Amino acid sequence: MENIRLLIVGAGRWGMNHVKTAASILPHENITVCDFDPASESKIKSVSEKITFVNNIEDAKNITCAIVATPAETHFKIAKELLNNGIHCLVEKPITLNLEDAEELNKIAEEKKLKLMVGHVLLFHPAVKKMKGDIEKGRIGKLQYIYSNRLNLGAIRSEENILWSFAPHDVSVIQYLVGENPIEITAKGADFVQNGIEDTTITYLKYPNGVNAHIFVSWLHPFKEQRMVVIGEKGMFVFEDSLKSEKLKFYKKGFKNVEGKIEKFEQDYEVVEFEEKQPLKEEQLHFYNSINSNIEPLTDGKHAYEVLKILVNATNKLKINL
Ligand SMILES: NC(=O)c1ccc[n+]([C@@H]2O[C@H](COP(=O)([O-])OP(=O)(O)OC[C@H]3O[C@@H](n4cnc5c(N)ncnc54)[C@H](O)[C@@H]3O)[C@@H](O)[C@H]2O)c1
């Protein structure tokens, strides 16, 4: 990792998690943090005196890669400048606010042979990896239905709605588990707190292999719930990241056809063990390894583009339905 010289742009709520994570992986002299808010400097120095702090990206010297953790509307401009200067980029979600910008970032990265990755951190969650592996081994049989609830009385944003704030995570995991792109997208939502900014949305996805999915996101909800249910012909997974323990469960439940009669089968659930690893650390390690080993990141610019396509499509449906 000695050759990784990292710039983190944006030291806000999420950016600070990136700073602390990077400090647990890289030599501190190899980390520069940029935030135009001068008050960020003391937060950075409290992590390590050896981390360099700058107010402008142009003042960051001798860097090879960057993490962009600024608000979504700034991602395109910052990532474009960095890529054009030959810097590999990990951009926080959503990668950009529209498809044209995401396409342009992909094009620059491809032309300059740089890594472009998006921070869909759940794809680095060991429980999600475990589900994916077990699905591939046939543990739940043919995939049928997935739903995801991401609910909280959360931080309300005014520059984006709940779909853009929460759903990129769910969309990215569903895309990863299904391994296809949807053929039909519908969405409905409602705005209660701020006019024209949805607090709650439901998005339905239909995939070509018969898999259906829905995503329910809300920041107007009495308690935190992060629950994904994955249903197959032979069994079901329930992944609840908001729980302290027993986050992943397997239920051998469902229906089978026995000589023309539909019969129910059900057993008690089993807790599924998975590796104890911190998803954000795994995400950063994946970024650095993809640079060092010249491999395409799992959440590369093309994956980011497909997730964005779903968000844009769902947004168009929301506008019709609001
Ligand atoms: N992957 C995840 O699970 C996850 C979770 C939360 C947020 N995020 C994403 O992270 C990004 C940041 O979110 P946040 O909640 O930390 O926002 P925030 O508003 O708390 O912080 C943003 C920081 O960026 C700085 N900034 C803005 N423009 C800048 C520029 N041009 N140059 C330098 N600094 C600049 C601001 O001063 C601020 O300190 C968003 O894209 C968000 O969607 C991802």
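## Fold, domains and ligand shell

Of the contacts in the chain between residues at least 6 apart in sequence, 66% link residues at least 24 apart; a contact means C-beta atoms, placed from the backbone, within 7 Å. The model is predicted: local features need pLDDT of at least 70, side-chain atom pairs count only at pLDDT 80 or more, and totals for chains, interfaces and linings use all residues. Residue numbers start from 1 along each chain as its sequence is written.

The chain holds 8 helices and 16 strands. These are DSSP runs, numbered from the N terminus: helices are H or I of at least four residues, strands E of at least two. Buried residues make up 41% of the 322; buried means 20 or more other C-beta atoms within 10 Å of the residue's own, with C-beta atoms placed from the backbone.

An automatic or database assignment sets the domain bounds.

| Domain | Residues |
|---|---|
| Domain 1 | 6-119 + 280-296 |
| Domain 2 | 122-277 + 309-321 |

Their centres, taken over C-alpha atoms, are 28 Å apart. Domain 1 gives 11 residues to the contact and domain 2 gives 9 residues. On the domain 1 side, α3 and α7 (279-292) each give two or more residues.

Around the ligand stand 22 residues; Gly-10, Gly-12, Arg-13, Trp-14 and Glu-92 come nearest. Near means a C-beta atom, placed from the backbone, within 6 Å. Both α1 (13-23) and α3 (72-84) supply at least two residues of this shell.

Definitions and conventions:
Buried ≥ 20, exposed ≤ 12 C-beta atoms within 10 Å, placed from the backbone. Contact = placed C-beta atoms within 7 Å.
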